[in-house]
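Here is a quick tour of one model, written for someone who likes to check the geometry. Have the viewer open and follow along.

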Amino acid sequence: MLDELHTAINNYIKSKAGFCEVYPAPFAVKLYEDKKTIVEPDISVIYNRDKLTDRSCTGAPDWIIEIVSPGNSSHDYIRKLNLYVDVGVREYWIVDPITQTILVYNLEETHFQVGTYTFHDKIKANIYDDLWIDFSDIRL
């Protein structure tokens, strides 16, 4: 699933000759320069290349996708969500293979707006005008 999502996003960006960079895990994201808050999202999309080093990102990616691991879901649903709101991630998707749901959080002003989808849906990435991910085509 990770590879297919990464490929779909990367192919879209390349087809548009975009400036964003897409990184699958393992890829470190240091959310705060002055704090030791490092996360490793499953997929990070970064528009501002000034945030990139040779092996990581410093600051908020524009779009993060996390694929929930059994037994550690509170990490993605609570801790990381709160961190991402605080640092200004524009879009955050939580993909849960067990419940076959996708929560899509969009940062509006100082809060996220959330949409709930299933693995049968085609979901628009809100940071792009015309990128849709069809989860019915994604292998579990």
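Predicted model: local features only at pLDDT ≥ 70, side-chain atom pairs only at ≥ 80, totals over all residues.

The structure holds 0 disulfides. A disulfide, for the record, is a covalent bond between the sulfur atoms of two cysteines.

As for burial, C20 counts as buried because its relative accessibility is 10%, under the 20% cut-off. C57 comes out at 0%, so C57 is buried too.

The chain averages a pLDDT of 90, and 97% of the residues score at least 70. Among the elements of the chain, β10 has the highest mean pLDDT, at 97, while helix α2 (residues 73-87) has the lowest, at 84.

A search of the whole structure turns up 8 aromatic pairs. One of them is W63 with Y128: the ring centres are 6.3 Å apart and the planes make an angle of 65 degrees, so this pair is edge-to-face. W63 belongs to strand β6 (residues 63-67), whereas Y128 is in the loop between β10 (122-124) and β11 (132-134), so the pair ties together parts that are 65 residues apart in sequence. Both W63 and Y128 are buried.

Next up is F119 with F135, a tilted pair with 5.5 Å from centre to centre and 35 degrees between the planes. F119 comes from the loop between β9 (111-118) and β10, and F135 from the segment after β11, so this contact links parts that are 16 residues apart in sequence. F119 is buried, with a relative accessible area of 5%, and F135 is buried as well, at 1% relative accessibility.

## Strand β4 and its neighbours

Which strands pair with β4? Strand β1 (residues 21-24) is joined to β4 by 4 bridges, and the two run antiparallel. In that pairing, P24 has I43 of β4 as its bridge partner. β6 also pairs with β4 in the antiparallel sense, over 3 bridges; here S44 stands opposite I64.

In a regular strand, side chains alternate between the two faces of the sheet. Are the two faces of β4 (residues 43-46) buried or exposed? Both are covered: I43 and V45 on one side are buried, and so are S44 and I46 on the other.

## A buried aspartate

D62 is found in the loop between β5 (56-58) and β6. With a relative accessible area of 11%, D62 is buried. What does its side chain reach? A polar atom of the D62 side chain lies 2.7 Å from the backbone nitrogen of Y47.

Leaving aside residues up to four places away in sequence, D62 touches V45, I46, Y47, N48, V89, R90, E91 and I127. Two of these, V45 and I46, are also among the buried residues of β4.

Technical notes
Residues numbered from 1 in each chain as written. Heavy atoms only, no water. Phe/Tyr/Trp six-rings, centres within 6.5 Å; stacked < 30°, edge-to-face > 60°. Buried < 20%, exposed > 50% of the residue type's maximum accessible area, 1.4 Å probe, protein only. Pairing = 2+ DSSP bridges. Polar contact = N/O pair within 3.5 Å; in protein donor to acceptor, adjacent residues only side chain to side chain. Contact = heavy atoms within 4.5 Å. pLDDT = per-residue confidence, 0-100. Disulfide = S-S within 2.5 Å.
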